[in-house]
Amino acid sequence: LMASRCNPPVNWEAAGLAMRIADAMSGGYSAALRSRIRGGACAGSAVRRGGEVGGHVPLPHVMANDQEPRRTTVALMPEPEQATTDTPPAPDPNAPLQSLLKDEGAGALLAAAAGDVAGRRVEGSYSANTQFGIVFAYHLMRNGAVDRDVFRAEVMLLDGVGETHQVYRGLDPDLRAWFDSVKAGAPVASTRATSGPASRSLAAGLRFRHDPDALVSAVLRAARMTNLNAASVVAAAATAGAVAASTFHQVGKDLFLGVAETADRALAEIEGDEFLFSDMEAAGHLPSRIRDLCELVDAPLRSVVGALSNDNGPVGIDGVLLAIAIAGNKSHDGVRLIDTAAQAGGSDVGSIAGAIVGARQATSMWPWRVPNDTWFAEIGRRLVSGETETRDLPIPYAVEERPLLRLDVLPSNED
């Protein structure tokens with residue numbers, strides 16, 4: 001990457017490689033990052049190798065936008081004589097390099113569950129939004145796109161239908177009301193601004209990390225099933241975009257700008273359906289609010305929390321913004337970031353921040369005990385690798401029913 005930013009570039013091999021890595025890293029989620037790196041890689045219209053063979057070329061370190069590059073000197077290997085006269089063809093900048101990154105992001109769902117546990121909505125376990133999100137993950141692996149009728153039946157299974165029992169834990173009032181309306185035969189989606197849809201949509205960021213349009217489409221189809229607040233569903237798409245971007249190690253300003261672009265995509269997709277949604281005005285402001293997070297990129301975490309929440313925590317979709325702002329911080333380790341998000345905003349905010357943080361690092365053990373941790377890790381791995389097989393995995397209902405059977409505390413359907 002440093003070689004590509006030299007003007008003129010050291011050679012086209014290095015410049016082309018940098019362009020390909022830029023494409024691989026950005027994954028379509030930040031045109032700003034892509035243009036910055038590719039712009040440096042394309043500097044100079046021809047390859048010029050001035051100076052002595054085996055000499056030294058000064059290369060700038062990649063710095064933040066508002067810093068001057070610091071020069072360093074890198075020794076170059078002597079090149080064959082014909083290299084001074086023959087210009088090699090430029091490599092295809094779109095050649096795939098995704099194999100270098102294919103396992104990135106596998107730890108996102110385990111980290112999300114850890115953030116949920118840290119938020120303590122349910123003591124010692126993860127809560128209903130994480131359970132719902134795992135059903136979403138299975139649905140995406142099996143179907144690729146979202147079939148709302150099938151998906152509705154799948155999530156209802158965990159709420160006790162037919163011979164099954166209710167196994168959701170810590171249901172928020174909006175989701176409880178939606179389940180009840182489905183059972184009554186007339187589904188009614190919430191119109192409140194909430195971070196719930198975002199915390200339930202994290203799997204899409206892994207399944208569609210190479211395809212922003214498919215990501216947005218899947219999240220909107222799933223989120224609007226339970227919530228018709230425009231700000232909530234756009235925030236859900238933005239959150240999945242943040243998870244996707246983080247699998248390519250985007251962080252700080254690059255992460256925030258990429259997330260804002262995903263929010264723009266989501267807004268464009270719902271433009272023809274404004275009559276279905278509440279809070280369209282707030283949704284329209286969301287991309288600019290996400291871009292404004294760049295102002296907090298170097299702020300202490302307590303200042304970030306203070307800017308996006310009050311004494312009672314974040315309100316509405318501010319919880320999503322808080323999670324993204326904290327998770328995008330470059331100055332602290334993952335445990336500190338997840339813990340701060342969970343303490344400031346509860347389980348949903350902790351879960352969102354956990355997914356974003358976990359997506360950019362290897363699958364990790366967290367200080368919070370996460371039930372079924374290896375299950376979460378395996379689902380994350382399969383989503384990232386694009387696998388579609390789930391028949392060798394236990395179904396989510398069976399996983400969630402087991403602890404209740406062991407403790408003999410199965411609630412009845414009436415409960």
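The structure is a predicted model, in which local features need pLDDT of at least 70 and side-chain atom pairs count only at pLDDT 80 or more, while totals for chains, interfaces and linings use all residues. Residues are numbered from 1 along each chain as its sequence is written, and side-chain values use heavy atoms, with hydrogens and water left out.

Charged pairs make a friendly place to start. A salt bridge here is a side-chain nitrogen of Lys or Arg within 4 Å of a carboxyl oxygen of Asp or Glu, and this rule gives a count of 19 salt bridges. One of them joins the side chains of Arg 142 and Glu 154, at 3.7 Å from N to O. The two residues lie twelve residues apart, with Arg 142 in helix α4 (residues 128-143) and Glu 154 in helix α5 (residues 148-157), so that the pair links distant parts of the chain. Helices (H or I, at least four residues) and strands (E, at least two) are DSSP runs, numbered from the N terminus.

Asp 392 is exposed at 52% relative accessibility, whereas Arg 382 is buried at 6%. Both belong to a network of salt bridges that also includes Glu 378, Arg 381 and Glu 387.

Attention now turns to the nonpolar residues. A nonpolar core is a set of buried Ala, Val, Leu, Ile, Met, Phe, Trp, Tyr and Cys residues joined through side-chain atoms within 4.5 Å. The largest such core has 109 residues, and Leu 109, Val 155, Ile 290, Phe 376 and Ile 379 touch the most other members. Helix α10 (residues 230-247) supplies the largest share of this core, 13 residues. Contact means heavy atoms within 4.5 Å; leaving aside neighbours within four places in sequence, Val 155 is in contact with Phe 132, Val 135, Tyr 168, Trp 178, Phe 179 and Met 225.

Notes:
Buried means under 20% relative accessible area, exposed over 50%, partly exposed in between (1.4 Å probe, protein chains only).
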